[in-house]
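This briefing is for a reader who is new to the structure shown below. Please look it over first, then read the points by topic.

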Amino acid sequence: SLLENGKRKLTKEWAERLAVQLKCAAADLMFSEEELSAQPLTQPPVILTALDEIPPVVPVMGTARGGVNGAFELNHGDPIAFIKRRPGVAGSPKAYALYVEGDSMEPRYFAGETIHIAPSRKVRPGDFVLIEQKFDEHDIPQAFIKRLVRRTATKVIVEQYNPPKNIDIPESTVITLHRVLLSNEVDGV
């Protein structure tokens, strides 16, 4: 409460304490390693979402079902359902889920599974990601679930399993790149 209200400065010790409770690294609290080593921090305090303000459910924003090139539309309106918030996304107020349909994402994801996406989690090569792509302002964004190979200044290179191939996506068309959580991350392990 003191941190949230600006009555206490965030120190390295407090960032490390909070990181344990939020199940993240202290550096993930938006500070560089140099900033974390300086005590007290001269940055303004971080405004954290109080855990009691995070809803007990996660919205399901649609169905991941492969279409042309594995594309689907992500629902940006009202959720189609709500599911119980799992421990690994307890501190992620913007987390959402998708239901998997069809076999286009096998052998990684199977029909009937629920996948959790955490927009606040850092995306790294090797992670499975939800990518939304839009070529011009009049297009409906197309979403994909793929494995991130690497990202350059001009493109995002992803891998798909079914059928196996790498795909280059122009960086200028990417509007969303969110990490799909592993099941152990969702369970808070």
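**Sheet, helix and a buried loop residue**

In this predicted model, an open sheet is built from 9 strands in the order 2-1-3-4-9-5-6-7-8, with mixed pairing. Strand 2 (81-84) and strand 8 (164-170) are the edge strands, each pairing on one side only. From one strand to the next, the twist averages 45°.

**Pairing within the sheet**
- Strands of a sheet pair through backbone hydrogen bonds, either parallel or antiparallel.
- Strand 6 (residues 142-151) and strand 7 (residues 155-161) run antiparallel and are joined by 4 bridges.
- Arg150 stands opposite Ile157 in strand 7.

**Helix 1**
- Helix 1 covers residues 12-22, and its buried residues are Ala15, Leu18 and Ala19.
- Viewed down the axis of helix 1, these buried residues fall within an arc of 105°, so they line one face of the helix.
- An α-helix has 3.6 residues a turn, so residues three or four places apart point the same way.
- Val20 and Gln21 are exposed on the other side of helix 1.

**Leu74**
- Leu74 lies in the loop between strand 1 (57-65) and strand 2.
- Leu74 counts as buried because its relative accessibility is 10%, and buried means under 20%.
- Leaving aside neighbours within four places in sequence, Leu74 is in contact with Met61, Tyr96, Leu98, Leu130, Glu132 and Ala143.
- Leu74 and Leu130 are 56 residues apart along the chain, and their C-alpha atoms are separated by 9.6 Å.

Technical notes
Residues are numbered from 1 along each chain as its sequence is written. This is a predicted model: local features need pLDDT of at least 70, side-chain atom pairs count only at pLDDT 80 or more; totals for chains, interfaces and linings use all residues. Side-chain values use heavy atoms; hydrogens and water are left out. Buried means under 20% relative accessible area, exposed over 50%, partly exposed in between (1.4 Å probe, protein chains only). Helices (H or I, at least four residues) and strands (E, at least two) are DSSP runs, numbered from the N terminus. The arc is that of the directions from the helix axis to the C-beta atoms. Two strands pair if DSSP finds at least two bridges between them. Axes are lines fitted to C-alpha atoms, for helices over the stretch in contact, and angles run from 0 to 180 degrees between N-to-C directions. Contact means heavy atoms within 4.5 Å.
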